[in-house]
Amino acid sequence: MSVRVARIGKPHGVRGEVTVELFTDDPQSRFAPGSVLSVQQARGGRRGQGADRSEPLRVESLTVGGHRWNKDVLVARFEEIRDRNAAEAARGLELYAEVADLPLEDDEWHQDDLLGLVAVDLTRDEARIGTVKALIQGSAQDLLEITPEKGGRSVLIPFVEAIVPEVDLDRGLVLVTPPPGLLELGEDD
């Protein structure tokens, strides 16, 4: 099984370096020189294609040549991406790594396990809130991004035990006990 660890962003310079949007909490080991990451076209949208609408880069995997930090942005170099044109063609590609066979703690989840689960409000007899779109990892806490059942803007729910007491993979549900007003935030915009 593999897990999404990053998405390639804009080119950085002319030698093939790219910015990377991270979906992992361990970039040091995931982007260690020599690491091989499998490549997939991004889900939905026109990603995987440069701004000049060039043909997307067609590779099955990328080998990390190195990485560095530019302020808070990871800049990576891959052996298969040698120049700015290739970097532009790689823009939007999603990078995956094999999941280690280490057992997860009770309160740990892989993002891919959560995507597509239905969030329900336990304070309203399991009324459907929407579908999990993403797990946004933060330094203080993670957030679940929910696509609302009724349409409109995504809802961000803190992924903490007090608000999300249970994830039921068997039933395909994320059980939520939102504090008053949380689900209504941003509705008046």
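## A partly exposed pair

Glutamate 149 counts as partly exposed, at 42% relative accessibility (buried is under 20% relative accessible area, exposed over 50%, partly exposed in between; 1.4 Å probe, protein chains only). Arginine 128 is also partly exposed, at 48%. Their side chains meet in a salt bridge, 3.1 Å from N to O. Glutamate 149 sits in the loop between β9 (143-148) and β10 (155-158), arginine 128 in strand β8 (residues 127-136), 21 residues apart.

This is a predicted model: local features need pLDDT of at least 70, side-chain atom pairs pLDDT 80 or more, while totals for chains, interfaces and linings use all residues. Residues are numbered from 1 along each chain, and side-chain values use heavy atoms, without hydrogens and water.

## Barrel

6 strands close into an antiparallel barrel, ordered β1-β2-β5-β4-β3-β6. Neighbouring strands are turned by 50 degrees on average, direction ignored (axes are lines fitted to C-alpha atoms; angles run from 0 to 180 degrees between N-to-C directions). Strands are DSSP runs of E, at least two residues, numbered from the N terminus. Two strands pair if DSSP finds at least two bridges between them.

Strands β3 (residues 36-40) and β6 (residues 94-98) are joined by 3 bridges. Valine 39 has leucine 95 as its bridge partner in β6.

## Buried charges

The salt bridge count is 10 (a side-chain nitrogen of Lys or Arg within 4 Å of a carboxyl oxygen of Asp or Glu). Arginine 4 pairs with glutamate 94 at 3.1 Å, N to O. Arginine 4 lies in β1 (residues 2-11), 90 residues from glutamate 94 in β6. Both are buried: arginine 4 at 8%, glutamate 94 at 1%.

Arginine 7 also forms a salt bridge with glutamate 94, at 3.2 Å. Arginine 7 is in β1 and glutamate 94 in β6, so this pair ties together parts 87 residues apart. Arg4, Arg7, Glu21 and Glu94 are linked in a salt-bridge network.

Note on methods:
Helices (H or I, at least four residues) and strands (E, at least two) are DSSP runs, numbered from the N terminus.
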